[in-house]
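Please look over the sequence and the model below before reading on.

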Amino acid sequence: AGLERFLVEFVRRNNPDIVGLTAAQVESLAMLVVGVTWLVVVARRPGGLRQPAREAPASRRAAAVGAA
């Protein structure tokens with residue numbers, strides 16, 4: 001969302017506020033930094049960004065046990 005908003009603000013006509021960027025662009029960059037930081041922190045945790053394994057439905061488990 002931060003990157004999209006940042007790019008959209010180049011199309012809109014707003015007056016530059018800080019370092020040639022509009023206030024919305026500065027806020028968008030802040031959102032982008034927070035989002036990337038969050039992803040890095042979550043990725044470094046044990047388990048990271050992996051999806052938990054799905055459990056097979058009960059009917060499949062019963063069939064697998066009966067076949068073994």
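Which residues of helix 2 are buried? The buried residues of helix 2 are Ala24, Gln25, Ser28 and Val42, where buried means under 20% relative accessible area, exposed over 50% and partly exposed in between, with a 1.4 Å probe and protein chains only. Seen down the axis of helix 2, these residues fall within an arc of 115°, so they line one face of the helix; the arc is that of the directions from the helix axis to the C-beta atoms. An α-helix has 3.6 residues a turn, so residues three or four places apart point the same way.

This is a predicted model, in which local features need pLDDT of at least 70 and side-chain atom pairs count only at pLDDT 80 or more, while totals for chains, interfaces and linings use all residues. Residues are numbered from 1 along each chain as its sequence is written, and side-chain values use heavy atoms, with hydrogens and water left out.

Helix 2 has 22 residues and reaches 32 Å from its first C-alpha to its last, close to the 32 Å expected at 1.5 Å a residue, the expected span being 1.5 Å times one less than the number of residues. Helices are DSSP runs (H or I, at least four residues), numbered from the N terminus. The buried residues of helix 2 pack against helix 1, residues 2-8, whereas the face turned away from the buried side carries the exposed residues Val33, Val34 and Arg44.

Gln25 lies in helix 2, which covers residues 23-44, and Gln25 counts as buried because its relative accessibility is 3%. Not counting residues up to four places away in sequence, Gln25 touches Phe6, Glu9 and Phe10, contact meaning heavy atoms within 4.5 Å.

Leu29 also lies in helix 2 and is partly exposed, with a relative accessible area of 31%. Leaving aside neighbours within four places in sequence, Leu29 is in contact with Phe6 and Leu21. Leu29 and Gly2 are 27 residues apart in sequence, yet 6.1 Å apart in space, C-alpha to C-alpha.

What forms the nonpolar patch on the surface? Leu3, Leu7, Phe10, Val11, Leu29, Leu32, Val36 and Val40 form this patch, with about 710 Å² of accessible area together. The largest share of the patch, four residues, comes from helix 2. Phe10, which lies in the loop between helix 1 and helix 2, is exposed, with a relative accessible area of 53%.

How values were computed
Helices (H or I, at least four residues) and strands (E, at least two) are DSSP runs, numbered from the N terminus. Patches are made of residues with over 30% relative accessible area and no salt bridge: like charges are joined within 9 Å, nonpolar side chains (Val, Leu, Ile, Met, Phe, Trp, Tyr) within 5 Å. Accessible areas come from the Shrake-Rupley method with a 1.4 Å probe; for residues, only the protein chains shown count as cover. A salt bridge is a side-chain nitrogen of Lys or Arg within 4 Å of a carboxyl oxygen of Asp or Glu.
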